[in-house]
Structure formats: structure tokens, C-alpha cells
Amino acid sequence: MVVGPDRDGAADQLIDPFGRHVSYLRVSVTDRCDFRCVYCMSENMAFLPKKDLLSLEELDRLCSAFVSRGVRRLRITGGEPLVRKNIMWLFRALSRHLGTGALDELTLTTNGSQLQRFADELYDLGVRRVNVSLDTLNPERFKAITRWGDYTQVMGGIEAARKAGLHVKINAVALKGVNDDEYDEMIRWAHGRGMDLTLIETMPMGDIDGDRSNQYLPLSVVQDRLMDNWTLKDIPYKTGGPARYVEVRETGGKIGFITPMTHNFCESCNRVRLTCTGTLYMCLGQDASADLRAPLRASEADDMLIEAIDHAIFRKPKGHDFIIDRRTKRPSVSRHMSVTGG
Ligand code: SAM
Ligand code: SF4
């Protein structure tokens, strides 16, 4: 019986039991955030005590261990990654793997609030693409969705990122009755500035102050509606993530659809997610996890850590079982998206 990973068969790569090559690591560097988006968090969140967080040095060591096992793309996320103190130290440390060619891409997902401060430095450190989450172009709605966000600051952040030379992609969660009358305008706005737009289905993760079934909007419905106004062409474009892209003939820009609910994309999943306490989640929608903090701290050498990573990948689940309906009151997983960073 096979009880562990076959190191001989995958000497320098992480291959899971379903033959999927894990080449992408997303790292949530903090569970904290300066916003409280209604679909992501409740207003009164209990965050981890700061002493429980891995240090930036430890996060660097962990990420570097994954790079040594064949991970080619790193995405820094959160919570809000740019509110973690001294976060540029981590970007600087990790950028050495871009220099050696071990890493193809170092990138981040952000709410944009701190981009005016950090955009130039991110570019200097080798970051070329950023995903900025923005669900509306209406300042009042923005306040209602993010609760604590400052619209002008985020818009300034997006401009600063573009000016710094970063390629910006806008991510918007599709929310019924909240922003579903805005996608045409968002397409015009984003594509008019050379930014692609990705729409995301809301996922049942963590308790929020409300019923998700009121917010859930299948993107199959959205795409049908968009076709009334735009000519959409399926294209094979991929950015290494789960989005399916169409090109809009009228603008020349792209729209991505991330559809975990209506179309399960798990068969091509290439990623795992690390939390700021060193827990590795092998699937966004399942509880399967592995503690990497203990092997990280047990020895200064990386052997135990790498063995733990290999064993974790060997337990990567086949896929998620997300459900949003009126009968299912509990989220599919109890942790919030801010724990694993989406
Ligand atoms: N704070 C950063 C941001 O907002 O971009 C990074 C972390 S945030 C958790 C990453 C992405 O997850 C954001 O685009 C956000 O809209 C999305 N997200 C959060 N909760 C979600 C949920 N329940 N379903 C779908 N997307 C969610
Ligand atoms: Fe913060 Fe991002 Fe969650 Fe909004 S989606 S509360 S910005 S972590």
C-alpha cells in the first residue's frame, strides 16, 4: 500500500494523488484588514493575537521551501497584505527567487488602500501584476460593501499602481441586488484604462452578518445579461488561475469569470494556500490542512519541513463541496476567506 509521496517519481515537483502539479502558492501574511467587506467578514472580527503569527523571516523560509519543491508562482494576500508591518521586507526577500529564475512570478492581491504608498517599491522588487479588489464604482455603495473603506484612497492606489508600471486586474465579487447593475459600467471603466476585470461568485466561507443566499448571483446569469450589450468571445487566455476568460470585441479588453459554484474547476487546480500561522490548506473549500509551523521551528535545516510539505500535497483533496442555498445555513468551511486569502 502507498502511504506517502513517491519522492523518486516526482523528484523536484509537487504532484498530488490526482496527478495535478502544484506550482502555485498563495500566502496570507495577516488575517487582519483595514476593511470589513460584507461578504468576507463580520464587523466584529476576532483576529489572531500578533504573537501567533509567523515572523516575516519564517514566512520567507516557508515560501522558499516551496520554491525549492518546484513552486513557480507566489501570490501574497491576506487579510490585507499591505497592512502587515514591514511587509516590503518579505517582498524584497522573495524577489531573490525571481533573480535566480526559480520563480516566474511574485504578485499580490490587495484592496488597494495602501498602493499609493507601496506601488513604486513593489515594481522595483519585481512585482509586475497586482489584483485589486473593487466591487463597485459608486462611492456610497463602496462604503456599504467595505464598511470601513475609503473609495478615494483606493482609486488613488489604482492610479499609483498603473503609473508605477504595474499591470492591474480588477476583481469584483458578483453580489445580487448590490452591484449587479454596474458590470457594464465597470467593463467600460476598467477596459478604458487597460485593466482586465474578473467577476467572482461569492463562496460560503465563514460566518458573516447576513444570509449569503441573498447575495449569491450565478455568473452564468451575469454572462447571459452581458451578451445583450457586448460581443463576448471565448478565448484560451490563462493567468495560471481558475478564471475562464472572454474577450469583449467592443473594448478589446478581457473579462474573467471565477465560478466555483456554477462550474467546478477543481480538476485543474494547481495551488495550495498557506496561512500566517503556518497552516497549509490544500483546498480552498475543504478543511484538510497540515501544520508546517512545527517542522519549520523544529530544525534550522529544511529536511523536516520539506517532508511535511510533500506529505501535505499527498493529501490534497479532489475538490470542494461548496453549497449556497436557503436550506444550508452553515458556511461550507468555517474559516473566513481572509484566513487563506482566496
Ligand atoms: N484584502 C485583499 C483584497 O480584498 O483583495 C486580499 C484578501 S481578499 C480575502 C481576496 C479576495 O477574496 C478578494 O477579491 C475578495 O473580494 C475575495 N473574497 C472574500 N470573501 C469572499 C467570499 N466569501 N466569496 C468570494 N470571494 C471572496
Ligand atoms: Fe479585507 Fe479583502 Fe476581506 Fe475586504 S475582501 S474584508 S479587503 S480581506
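The residues around ligand 2 are C33, F35, R36, C37, C40, M41, G79 and N111. The model described here is a predicted one. One residue of this shell, F35, also belongs to an aromatic cluster with F142 and Y151.

**Shell of ligand 2**

- Sorted by class, the shell around ligand 2 holds five nonpolar residues, two polar residues and one charged residue.

**Aromatic pairs**

- Three aromatic pairs turn up when the whole structure is searched.
- In one of them, the ring centres of F142 and Y151 are 5.4 Å apart and the planes stand at 70°, so this pair is edge-to-face. The angle decides the label, because planes over 60 degrees apart count as edge-to-face.
- F142 has a relative accessible area of 2% and is therefore buried. Y151 is also buried, at 17% relative accessibility, because the limit for buried is under 20%.
- Y237 and Y245 have ring centres 4.9 Å apart and planes at 80°, so they too form an edge-to-face pair.
- Y245 is buried, with 1% relative accessible area, whereas Y237 counts as partly exposed at 31% relative accessibility.
- In general, two values describe a pair of aromatic rings: the distance of the centres and the angle of the planes.

**Charges over rings**

- K254 lies over the face of Y237, and its distance from the ring centre is 4.4 Å. Y237 is thus found both in a pair with Y245 and under K254.
- R128 has its charged end over the ring of Y123, 3.7 Å from the centre of that ring.

Technical notes
Residues are numbered from 1 along each chain as its sequence is written. Chains are lettered from A and ligands numbered from 1 in the order in which they are written. This is a predicted model: local features need pLDDT of at least 70, side-chain atom pairs count only at pLDDT 80 or more; totals for chains, interfaces and linings use all residues. Side-chain values use heavy atoms; hydrogens and water are left out. A residue is near a molecule or strand if one of its heavy atoms lies within 4 Å of it. Ala, Val, Leu, Ile, Met, Phe, Trp, Tyr, Cys and Pro count as nonpolar, Asp, Glu, Lys and Arg as charged, and the others, Gly among them, as polar. Rings of Phe, Tyr and Trp (its six-membered ring) pair if their centres lie within 6.5 Å; planes under 30 degrees apart count as stacked, over 60 as edge-to-face and the rest as tilted. Buried means under 20% relative accessible area, exposed over 50%, partly exposed in between (1.4 Å probe, protein chains only). A charge sits over a ring if NZ of Lys or CZ of Arg is within 6 Å of the ring centre and within 35 degrees of the ring normal.
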